[in-house]
Amino acid sequence: MKKSITVITIIICMFITGTVFAVDPEVAQANAEKFGFLTLLPPLVAIILAFATKNVVLSLFIGVFSGTFLLGLNDHGVFGAVFYGGLSIIDQVLNSLADKWNAGIILQCLTIGGLIGLVTKMGGAKAVAESLSKKAKSPTSAQLITWVLGLFVFFDDYANSLIVGPIMRPVTDKLKISREKLAFIIDATAAPIAGIALISTWVGYEIGLIKDAYDSIGQSVNPYGVFMSTIPFRFYNILILVFIVTTAVLLKEFGPMYKVEKRARTTGEVLREGSNPMVSKETTGIEPIEGIKLSVWNAIIPIGILIISAFLGFYYNGYTALSDNPEMMEIINNAPLSIEAIRETFGASDASVVLFQAALLASIVALIMGVKQKLFSIGDGIDTWINGMKSLVITGVILLLAWSISGVIKELGTAKFMVSILSDTIPAFLLPSIIFVLGSIISFATGTSYGTMGILMPITIPLAFAIVPEQSYIIMNAGAVLTGAIFGDHCSPISDTTILSSMGAACDHIDHIKTQLFYAITVATISIVFGYIPVGLGVPVYIVLLIDLVMIFAVVNFFGKSVKEDQLQKSMSK
């Protein structure tokens with residue numbers, strides 16, 4: 001226990017020291033012009049090595065080094081760049097640690113890991129699993145319940161990944177649903193739903209980008225109204241949610257997902273032999289205390305506290321952040337519970353800090369509940385909580401390296417280079433499709449949807465206005481930015497939300513990427529061919545959406561193979 005406390009103390013001390021270094025846009029532009037295609041080296045190295053070696057930590061580390069090596073060439077020769085590039089890796093990691101948002105995310109992950117450990121030890125997780133098992137009697141119902149839970153935790157993508165996976169994992173394991181499919185459902189109901197939810201931690205950022213971009217063309221608009229208008233054009237977000245339901249109802253899969261679901265149904269092995277699930281045995285091995293009476297309230301109350309306190313925290317934190325804005329304060333004070341007030345406060349809140357605070361409060365409540373029910377002593381409860389936290393240390397390491405490679409990419413000007421070579425003169429009807437693809441590529445390579453939105457939105461709205469100065473045309477292109485960024489981030493091995501989804505499902509990260517990528521690209525292709533191209537040609541968006549829904553059903557039905565257990569057994573016997 002002393003070692004665990006020492007480790008946690010050291011980590012926290014590292015979080016609260018150091019300074020954050022911003023990237024000078026002029027430096028990034030100069031690097032983009034100097035290194036050209038070589039600015040793509042860090043993400044390419046990390047992604048290729050991740051698939052080749054199946055070792056995410058090593059791949060990300062080498063990816064970071066390839067970037068710091070390039071930056072070292074600015075002031076040194078090759079050998080000097082190797083030496084100083086190696087030293088710069090430490091700077092990049094420390095910069096990531098020093099960022100308040102990043103620190104909050106890691107502390108949030110660790111604390112929720114501790115909470116899940118306590119809930120499991122009290123028998124709450126098993127009670128919920130048994131309760132859901134009565135309703136989730138088949139692979140179809142289990143997947144649909146997971147999907148509904150994902151929609152329920154709509155307010156933040158990180159919270160979605162960290163809450164839904166541990167709750168549903170015992171249920172999906174029992175019904176022989178692969179961890180890869182569970183990770184896909186979690187991932188596909190995280191950023192895609194948070195990005196289009198009317199109230200979420202994403203909304204403030206998205207409407208801020210929209211407002212600034214419209215200001216640049218001299219138009220004053222209601223940015224929230226524009227944001228709502230983009231939702232029908234967020235084809236990927238909508239279709240990936242429909243895709244999950246379709247595969248669950250038809251019980252058909254294709255591509256790599258078919259192979260893993262066939263393995264799970266026929267052998268009961270929810271993980272590939274030799275895989276490296278992103279949760280250690282210290283959490284998955286925690287068992288309820290023998291002889292205790294299982295109660296769902298031992299899970300519902302702590303997790304309910306987590307969700308409710310997160311909602312209240314978003315409001316309070318955002319309210320505090322907006323206290324210096326008289327216009328916003330007048331709106332909030334006049335109607336504190338209005339949609340506008342909630343939207344503004346949620347948008348201005350620091351989700352990483354709020355979720356850490358909520359998880360800590362929920363952990364304290366769970367600890368008190370366990371002690372009061374005499375399930376364990378305070379000391380044993382703290383040991384359990386720390387064991388739960390220890391299981392997510394590897395996730396923290398991967399996140400730090402992912403953020404480090406993101407910092408290197410920013411300094412190299414990778415995104416600026418990609419925009420410069422991909423944003424040439426384009427036909428009007430193709431602009432939404434090209435913006436979607438461009439956003440996808442940048443987001444995939446950098447592992448950040450927020451960063452991609454921030455790069456493309458200021459370019460896209462003025463460009464769309466210059467080509468076709470109509471509001472509907474501008475809105476569809478703005479929607480293409482927002483959803484393209486989410487698609488690329490959804491697929492990227494170095495994306496924090498993708499990493500957290502692998503962790504929530506206790507799935508091998510590379511296996512999650514391999515199986516998810518095929519599905520994500522399929523839905524993205526439908527989004528372009530039957531979505532952005534038709535609306536670009538003037539087809540009404542609601543007709544396009546209906547066609548897209550039909551296409552999703554047709555693709556799954558005609559290309560998918562049945563993963564019903566009885567049919568798989570028959571086909572194997574033949």
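Helices here are DSSP runs of H or I with at least four residues, numbered from the N terminus. The model is a predicted one, where local features need pLDDT of at least 70 and side-chain atom pairs count only at pLDDT 80 or more, while totals for chains, interfaces and linings use all residues. Residues are numbered from 1 along each chain as its sequence is written, and side-chain values use heavy atoms, with hydrogens and water left out.

Back to the helix pair: α10 covers residues 179-188 and α27 residues 496-505, and they pack at about 135° with axes 8 Å apart. Axes are lines fitted to C-alpha atoms over the stretch in contact, and angles run from 0 to 180 degrees between N-to-C directions. On the α10 side, Arg179, Leu182, Ala183, Ile186 and Asp187 meet Thr497, Thr498, Ser501, Gly504 and Ala505 of α27, contact being heavy atoms within 4.5 Å.

Then there is Leu144, which sits in helix α8 (residues 139-152). Leu144 is partly exposed, at 26% relative accessible area; buried means under 20%, exposed over 50% and partly exposed in between, with a 1.4 Å probe and protein chains only. Setting aside neighbours within four places in sequence, Leu144 touches Val245, Ala248 and Val249. Ile244 lies 100 residues from Leu144 in sequence, yet their C-alpha atoms are 8.2 Å apart.

As for cysteines, Cys491 is buried at 4%, and Cys507 is buried at 0%. The disulfide count is zero, taking a disulfide as a pair of cysteine sulfur atoms within 2.5 Å.

How values were computed:
Helices (H or I, at least four residues) and strands (E, at least two) are DSSP runs, numbered from the N terminus.
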